[in-house]
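Please examine the structure shown below, with attention to its aromatic side chains and their surroundings.

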Amino acid sequence: MSAKDQDRLLGHAQDNDGIDEYDNALPTWWLGILWGSIAFAIVYVVDYHFVSDRSQVATYEAEVAAAPQASSASAAPLVITPEVLAAGKAVYDANCMACHGPELKGSVGPDLVDATWIHGGTLAQITETITKGVPEKGMLTWGPILGPEKVAQVAAFVHGAGGGQ
Ligand code: HEC
């Protein structure tokens, strides 16, 4: 330890199990971070609240204002046309056939053309089952995988295939 360092010791080692403390100026980089953070915080607060107005209240109000549009879009009734059923069959063949069989008569998953339904055989119930799945039984939650349009198509196809109620 140089004499210079010695001079800057605060000299209370005896109070702290022999650990002494220097009294040095804070490094420039450290002060830079401190003052930089303070300056950033001021700019950020002004921008957040008054310039960009990104408050939670404003975000919430914008979402509430947009909500009726969003829900009416997803709840738009699907008109069942031959094209919709063909699209539904394509979705079925690509994603569902492995478990429900090429004729929808079931293998790993249950028969979808008999009159027996575990989760209900109306179009709304079938749509619900496909969207939410039965993950604990191996039926995936298809809603986020396929999206509402393909779910509606494949539900219409399954419902129209013979077992629908
Ligand atoms: C990995 C296998 C597997 C795949 C792939 C699969 N399912 Fe299923 N599915 C099942 C199983 C198992 C059940 C039975 C769930 C239960 O017992 O509650 C089921 C149940 C169902 C039911 C409810 C049947 C009832 O009796 O209520 C419908 C409808 C259905 N699946 C449609 C589909 C559609 C549409 C697809 C494709 C998007 C699909 N499944 C893909 C395994 C699968």
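Tyr 44 has a relative accessible area of 37% in this predicted model. This value places Tyr 44 in the partly exposed class, because that class lies between the 20% limit for buried residues and the 50% limit for exposed ones. Phe 40, with a relative accessibility of 56%, counts as exposed. Both residues belong to helix α2, which comprises residues 28-51. Phe 40 and Tyr 44 are four residues apart there, about one turn of the helix.

The structure holds three aromatic pairs. A pair of aromatic rings is described by the distance of the centres and the angle of the planes. For Phe 40 and Tyr 44, the ring centres are 5.6 Å apart and the planes meet at 25°, so this pair is stacked; the reason is that planes under 30 degrees apart count as stacked. Together with Tyr 48, Phe 40 and Tyr 44 form one aromatic cluster.

Another pair is made by Tyr 92 and Phe 157. Their ring centres are 5.6 Å apart and their planes lie at 55°, so the pair is tilted. Tyr 92 lies in helix α4 (residues 82-95) and Phe 157 in helix α7 (residues 142-160), so the pair ties together parts of the chain that are 65 residues apart in sequence. As for accessibility, Tyr 92 counts as buried at 1%, and Phe 157 is buried with a relative accessible area of 14%.

Helix α7 also contains Gln 153. When residues up to four places away in sequence are not counted, Gln 153 touches Leu 78, Val 84, Ala 87, Gly 88 and Val 91.

The loop between α6 (123-132) and α7 is the place of Lys 137. Lys 137 has a relative accessible area of 67% and is therefore exposed, because exposed residues have values over 50%. Lys 137 and Ile 38 are 99 residues apart along the chain, and their C-alpha atoms are separated by 55 Å.

How values were computed. Residues are numbered from 1 along each chain as its sequence is written. This is a predicted model: local features need pLDDT of at least 70, side-chain atom pairs count only at pLDDT 80 or more; totals for chains, interfaces and linings use all residues. Side-chain values use heavy atoms; hydrogens and water are left out. Rings of Phe, Tyr and Trp (its six-membered ring) pair if their centres lie within 6.5 Å; planes under 30 degrees apart count as stacked, over 60 as edge-to-face and the rest as tilted. Helices (H or I, at least four residues) and strands (E, at least two) are DSSP runs, numbered from the N terminus. Buried means under 20% relative accessible area, exposed over 50%, partly exposed in between (1.4 Å probe, protein chains only). Contact means heavy atoms within 4.5 Å.
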